[in-house]
Amino acid sequence: MPTFAFLSVCAVPFLWVFLRAICTLIFDKNYFGADPGMELVTFFGQVAIVFLFMTLSFSHLGRPLKTLRVPRMRRILGLSVFFYATLHFASYLIFLAGFEFEKYYYDLVTKNRIILGSFAYFFLFLLAATSIDSVARNLGIAWVYLHRSVYLIAGLVVFHVFLSAKENFSFSVFLFCGCLALLGVRLSKAWRRSKLRTPIFKA
Ligand code: HEM
């Protein structure tokens, strides 16, 4: 799939919100429900996590999808996670915290879910900042270890969502199982690879 087409697919959720905002302005009608701020925070958060899980799954499609330039698409997906997580954070700051950093700071020190989300966002920022080729080359093996923290991010976000769920926990349980399954596949691959590398001496 050409890069531009893939980028366009990743931009669909953003364009959907943009279209709703334009319609709200043109037709003077609310297209964002009873609580537009919360609607945006929830929507962008859900899109970010779906893209995060797609990024993790893409890592395992390397062999079957060789023709699809998987590394490049994985990078676009990863940057989309950061993009939507930034919109999620920005919507929270603008609509829920009223652009008051003291309010964010208060939430940060009093609510575990905000601490977990902020840690996840901080790691996402590090991954996005080090995704440029020249930075990756300079970091060498450190880049590989840093980018493995994507599983830590997934774990933090799953708990962030779990603590954010008011009564329905099915979404967070579903995410938790998905996270475990992907981590299981990753670890079993690493274990098989390490067994292949270890020479077997027969007595
Ligand atoms: C600075 C970091 C973050 C802040 C301040 C933040 C804030 C919030 C808030 C306020 C909610 C609404 C529920 C509530 O009031 O507790 C929420 C829910 C959520 N957040 Fe975050 N978040 C952050 C990072 C992230 C990241 C990095 C992701 C994903 C990659 C994410 C994904 C979600 C999801 C999926 C939900 C649940 C939406 C639902 O109700 O289905 N958040 N977050």
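Which helix of the protein has the lowest confidence, and which has the highest? Confidence is lowest in α9, at a mean of 88, and highest in α5, at 97.

Residues are numbered from 1 along each chain as its sequence is written.

The score itself, pLDDT, is the predictor's confidence in each residue, from 0 to 100. The protein averages 90, and 92% of its residues score at least 70. Where pLDDT is low, the predicted coordinates should not be read in detail.

## The overall layout

Here's the quick tour: the protein has 9 helices and 0 strands. Helices (H or I, at least four residues) and strands (E, at least two) are DSSP runs, numbered from the N terminus. Read along the sequence, the pattern is α-α-α-α-α-α-α-α-α. The C-alpha trace spans about 80 × 40 × 35 Å along its principal axes.

Now for burial. A residue is buried if 20 or more other C-beta atoms lie within 10 Å of its own, exposed if 12 or fewer, and partly exposed in between, with C-beta atoms placed from the backbone. Of the 203 residues in the protein, 21% are buried. As for contacts, two residues make one if their C-beta atoms, placed from the backbone, lie within 7 Å. Among contacts between residues at least 6 apart in sequence, 62% join residues at least 24 apart.

## Helix α2

Start with α2 (36-58). The expected span of a helix is 1.5 Å times one less than its number of residues.

The buried residues of α2 include Leu-40, Phe-44, Gly-45, Ala-48 and Leu-52. Packed against the buried residues of α2 are α1, α3, α8 and α9 (170-197). Val-50 also sits in α2, but it counts as partly exposed because it has 15 C-beta neighbours inside 10 Å.

## Helices α8 and α9

The 15 residues of α8 should span 21 Å, and the end C-alpha atoms of α8 are 21 Å apart, which agrees. Buried residues of α8 include Val-150, Ile-153, Val-157 and His-160. Among the elements covering the buried residues of α8 are α2, α5, α7 (141-147) and α9.

For α9, the 28 residues should span 40 Å, and its end C-alpha atoms are 41 Å apart, which agrees. The number of buried residues in α9 is 1 out of 28, so α9 lies largely in the open.

## The nonpolar core

Which residues touch the most other members of the largest nonpolar core? They are Ala-48, Leu-52, Val-81, Tyr-84 and Val-157, in a core of 32 residues. A nonpolar core is a set of buried Ala, Val, Leu, Ile, Met, Phe, Trp, Tyr and Cys residues joined through C-beta atoms within 7 Å. Helices α2, α3, α5 and α8 each supply at least two residues of this core.

Take Val-157: leaving aside its neighbours within four places in sequence, it is in contact with Ile-49, Leu-52 and Ala-120.

## Around the ligand

The ligand is surrounded by 25 residues, and the closest are Gly-45, Ala-48, Gly-117, Tyr-121 and Ser-164. To count as near, a residue must have its C-beta atom, placed from the backbone, within 6 Å of the molecule or strand. The elements giving two or more residues to this shell are α2, α3 (70-96), α5 (112-129) and α8 (150-164).

By class, the shell has 16 nonpolar, 8 polar and 1 charged residues. Ala, Val, Leu, Ile, Met, Phe, Trp, Tyr, Cys and Pro count as nonpolar, Asp, Glu, Lys and Arg as charged, and the others, Gly among them, as polar.

Most residues other than glycine have a negative phi. Asp-28, though, has a phi near 50°, and it lies in the loop between α1 (3-27) and α2. Asp-28 counts as exposed because it has 7 C-beta neighbours inside 10 Å.

Phe-99 has a positive phi too, about 60°, and its place is in the loop between α3 and α4 (101-110). With 10 C-beta neighbours inside 10 Å, Phe-99 is also exposed.

Notes
Predicted model: local features only at pLDDT ≥ 70, side-chain atom pairs only at ≥ 80, totals over all residues.
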